[in-house]
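Subject: A structure for you to look at

Hi,

Here is the structure I promised you.

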Amino acid sequence: MNSTRFTRVFVYLLIGAAIAAIMWSYNNNPAPTPEVSISQLAQEIIDDLVNDIEVAGGGEQITINYVDKNQPSSQSQISGVSSLEEVLSNYGIDGNDYADGRPTISYKRPSRWGTWLNLIGIFLPAILILAFIYFIFRQTQGSNNQAISFGKSRARMFTGDHPTVTFDDVAGAEEAKEELEEIVEFLQEPEKFVSFGARIPKGVLLVGSPGTGKTLLAKAISGEAGVPFFSIAGSEFVEMFVGVGASRVRDLFEQAKRHSPCIIFIDEIDAVGRQRGAGLGGSHDEREQTLNQILVEMDGFGTDTHVIILAATNRPDILDPALMRPGRFDRRVVIDRPDVRGREAIFNVHIRGKPIAANINVTRLAKSTPGFVGADIENTVNEAALLAARRNKKSIGMSEFQDAIERVQLGPERKSRVITPEEKEIIAYHEAGHALVSHFLPHAQPLRKITIVPRGMGLGLTWYMEDDNLLPTKSQLKAIITTALGGRVAEEIVFGEITAGASNDLQRVTQIARTMVTQYGMSDALGPRVYGQKQEMVFLGREISEQRDYSDAIAEKIDAEVRQIIDEEYERARQTLTENRESLDLIAQTLLDVETLEAEEFVSLVEGRGLPPSMPPTPAPKHQIKETNDSTEWTPPSLDLPPAPSPA
């Protein structure tokens, strides 16, 4: 920005100096005066018309001023003589011919500065104009150089002399590291494999969810192998100009061949590697030309090139099949979300070098963060460090980590949001309904925390202890539906009215129930079959609709099964809360006073032990219970309900 501003000021100064020089030269070169010959001058002197004569230099310029002031001055020029009198004497004029002392002849010595100023006045405008033209030429040449380099690769090369990332910095992906160690060994000792006639995979595709560490693993490979590392994003190949992407691909691979052995890493390759024939431009689409060039370059490598292409994507399903065939990206390394042991290892990596308190339990932190990937854990540790610094602590304690986990998962607290007392009471009973239903269902997720403090987009929150369960059972899915309906049922039982606060719960309930029927085969009436095929456009890379492969009669049965599942779990939630109405009032009123309850405090209240001594006592209930016909005359259906768990 500063260089651009300096260039602009310099151009303005250059233009101003040129204009000033031209004006100065014009002012110092007045309009030409009439010239007379020496013979004419002699005649005018004889006629007594000349008043005075000024001779400059050696006669190079003679200025003649006349007696008549209205007559303009004239000029003459003579050289090679010592004085004007000698010249005039040749025409018969001597000192006696000057009448009344006219004309007077004066001589001026030539000024050195005047000569230089005249030269400057002559050449300075030309010099400034030439300088301006040269500057414009250089600017144009710079633009041409940019145009010429437009097709050059924009890959950034990192040398492996001083690696910043190694396999020690990667945790939670042990299987992926084992797969990639073979790549490192080939780059370090290629002769070992060549002697057996083996061919190392030319391309390795790293597949995983966002934040699982695909780019980090690629950097670790470069750091371990100690070879040049070319990094480029898939979107940097494609431009609006035709042929630029293919040109950049050629230039990238030429650079890689010159620096072999090396690694080319293409991040987010799905930006350029999508399946061909799905673009709006047909086969002449610029993106498809770029992909064709990548296919040609990868297939043209010899076994002695020692260049390995790494690519990362989270959408391998939309990549072109030609890109995935053997000889190109012929190895796929899946980087899955870490389990509890992987999360523990990632926590140990990120807390390394930070002032950690002695009471930190990394295993507990790992169990508290199911579903977290490496990026989430790194963000959690950073948030904990920020909280510790904000609280002026000398080390990061367990409380900071717990608050950071809640902040990352749920969003920051919004205590300043204005909520009326009536709305706050409804929120308290809603969240208490969720918590009680989950407490008394054997297959429900255990409670972690319940609060009526707004967080994120929610007005209240019931937080459960999730696990890494990859195969949820039918009972567990039904328990999730029952728990989600607990808030809506609590509003109906207590207030005799329902609100819009359960919209998100109902959306989740409907989705789970429909998935159970159509995808998981958990319906007795419809049997173990999948109904409906997901339809998606590869060019868009997302699901856009469901293709029905069943009749209207089956569609009615699906709707009926979904409705039956939801109705059964709704009645189960009603039965649970009706039988535990006193606990519902107690939990809700306690939330109105303390706003947040941890799992241990909640269990202590439900089991009749009260709150721990560190918390204030619970006041008497303020809400008047509304008796409704639904709560007094309702008869539970004949369901095979599991027995409630005995108190711990």
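Let's begin with a pair of charged residues: the side chains of glutamate 406 and arginine 455 form a salt bridge, with 3.0 Å from N to O. Keep in mind that this is a predicted model. The two partners come from distant parts of the chain, 49 residues apart: glutamate 406 belongs to helix α14 (residues 398–410), while arginine 455 is in the loop between β11 and β12. Are these two residues buried or exposed? Both glutamate 406 and arginine 455 are buried.

Another one joins lysine 424 to glutamate 595, and here the closest N and O atoms are 3.4 Å apart. It also links distant parts of the chain, with lysine 424 in helix α15 and glutamate 595 in the loop between α19 and β15, 171 residues apart. Lysine 424 has a relative accessibility of 26%, so it counts as partly exposed. Glutamate 595 is partly exposed too, because its relative accessible area is 29%.

Now for a pair within one helix. Arginine 574 and glutamate 571 make a salt bridge whose closest N and O atoms are 3.8 Å apart. What separates them along helix α18 (residues 552–579)? They are three residues apart, so about one helical turn lies between them. Arginine 574 is buried, with a relative accessible area of 7%, whereas glutamate 571 is partly exposed at 24%.

Next, find the strands. Three of them make an open sheet in the order β12-β11-β15, paired antiparallel. At the edges sit β12 (461–464) and β15 (596–598), each pairing on one side only. On average, neighbouring strands in this sheet are turned by 10° against each other, ignoring direction. Between β11 (residues 447–451) and β12 there are four bridges in the antiparallel sense, and lysine 449 stands opposite tryptophan 463 in β12.

Helix α15 (residues 421–440), the one with lysine 424, lies across β11 and β12 and runs at about 25° to β12. Helix α19 (residues 581–594) lies across β11 and β15, at about 115° to β15.

Technical notes
Residues numbered from 1 in each chain as written. Predicted model: local features only at pLDDT ≥ 70, side-chain atom pairs only at ≥ 80, totals over all residues. Heavy atoms only, no water. Pairing = 2+ DSSP bridges. Helix = DSSP H or I, 4+ residues; strand = E, 2+ residues; numbered from the N terminus. Axes fitted to C-alpha atoms, helices over the stretch in contact; angles between N-to-C directions. Contact = heavy atoms within 4.5 Å. Salt bridge = Lys/Arg side-chain N within 4 Å of Asp/Glu carboxyl O. Buried < 20%, exposed > 50% of the residue type's maximum accessible area, 1.4 Å probe, protein only.
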